[in-house]
Structures are given as C-alpha cells and as structure tokens.
Amino acid sequence: MNHHNFVSVIVNPESGARLPNRYKDYIQDYFGNQSQDAVIHETLDHSDTLAFIQSEKERNSRFFVAVGGDGTINTVASRLIDTDAVLM
C-alpha cells in the first residue's frame, strides 16, 4: 500500500462541541471525491495521538488532517515540523 495516496486524519472526538456520529462518512466522502483515501484515527489520549502520527510518518504518509481543537492541531503540526508531510 502506497501511503502517499492516503490522507492520515487524526480526530479528537472529545474536542469542542463534539462531532456528529457521521463525521467518518463525511471525511471519507470528501477525500473520495478528491481521489484520495483517508485513514481515520480517533484519538484516545495524547500518547495515542503521538503514536499514530509516528506510525503514519514511518509509513510515509504525506498528508495529514487534524480534526479537533487548538491542542489537537498544535500536536499534529508540531510533529510534522522539518518533514515532507503536509498538514491540510
């Protein structure tokens, strides 16, 4: 599997006003319409988020999306500094 064609989506379901249960469908539909597949990961805690980001970087995932509040976005962005990965 070539992860360059995938978007790694990190979702913090506890952030903000809570996401609707169908958010996974919305994400899959959106990226499907862009001819990309999304790997969606719901975070359990901070260390889980870090582990997922590292795993996706090791698989050469190029594109990342952070869904959550400022903390989620900051965590993802800070782990992508000095890499070829793109935070969308």
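This is a predicted model: local features need pLDDT of at least 70, side-chain atom pairs count only at pLDDT 80 or more; totals for chains, interfaces and linings use all residues.

Student: Ok. Which residues are buried in α1?
Tutor: Y23, I27 and F31 are buried in α1. Buried means under 20% relative accessible area, exposed means over 50%, and partly exposed is in between (1.4 Å probe, protein chains only).

Student: Where do they sit around the axis?
Tutor: They cover an arc of only 55°, which puts them on the same side of α1. The arc is that of the directions from the helix axis to the C-beta atoms. In general, an α-helix has 3.6 residues a turn, so residues three or four places apart point the same way.

Student: And what covers those residues?
Tutor: The cover over the buried residues of α1 includes β1, β2 and β3.

Student: Switching topic. How many aromatic pairs are there?
Tutor: The structure holds 1 aromatic pair. The rings of Y30 and F31 have centres 5.0 Å apart and planes at 85°, so the pair is edge-to-face. Rings of Phe, Tyr and Trp (its six-membered ring) pair if their centres lie within 6.5 Å; planes under 30 degrees apart count as stacked, over 60 as edge-to-face and the rest as tilted.

Student: Is F31 buried or exposed?
Tutor: F31 is buried, with a relative accessible area of 7%. Y30 counts as partly exposed, at 49% relative accessibility.

Student: Now the strands. What is the order in the sheet?
Tutor: The open sheet has 4 strands in the order β2-β1-β3-β4, with parallel pairing. The edge strands, each pairing on one side only, are β2 (37–42) and β4 (86–87). Two strands pair if DSSP finds at least two bridges between them.

Student: How many bridges join β1 to β2?
Tutor: There are 6 bridges between β1 and β2, which run parallel. F6 has D37 in β2 as its bridge partner.

Student: And how many join β1 to β3?
Tutor: Here 5 bridges join β1 (residues 6–11) to β3 (residues 63–67), and the two run parallel. S8 stands opposite F64 in β3, and I10 stands opposite A66 in β3.

Student: What packs on the sheet?
Tutor: Helix α1 (residues 23–33) packs on the sheet and touches β1, β2 and β3; its direction makes about 155° with that of β2. Helix α2 (residues 46–58) also packs on the sheet, touching β1, β2 and β3, and its direction makes about 175° with that of β1. Axes are lines fitted to C-alpha atoms, for helices over the stretch in contact, and angles run from 0 to 180 degrees between N-to-C directions.

Student: Back to β1. How many of its residues are buried?
Tutor: In β1, 6 of the 6 residues are buried, so β1 is largely enclosed by the rest of the structure. F6, S8 and I10 point one way, while V7, V9 and V11 point the other way.

Student: What about I40, where is its place?
Tutor: I40 is in strand β2. I40 is partly exposed, at 22% relative accessible area. Leaving aside neighbours within four places in sequence, I40 is in contact (heavy atoms within 4.5 Å) with V9, V11, Y23, K24, I27 and Q28.

Student: And I73, what does it contact?
Tutor: I73, with neighbours within four places in sequence left aside, is in contact with A66, G68 and L87. The place of I73 is in helix α3 (residues 70–80), and I73 counts as partly exposed at 36% relative accessibility.

Student: Last one. What pattern does the whole chain follow?
Tutor: Along the sequence, the protein chain reads β-α-β-α-β-α-β, with 3 helices and 4 strands. Of its 88 residues, 34% count as buried.

Key. Residues are numbered from 1 along each chain as its sequence is written. Side-chain values use heavy atoms; hydrogens and water are left out.
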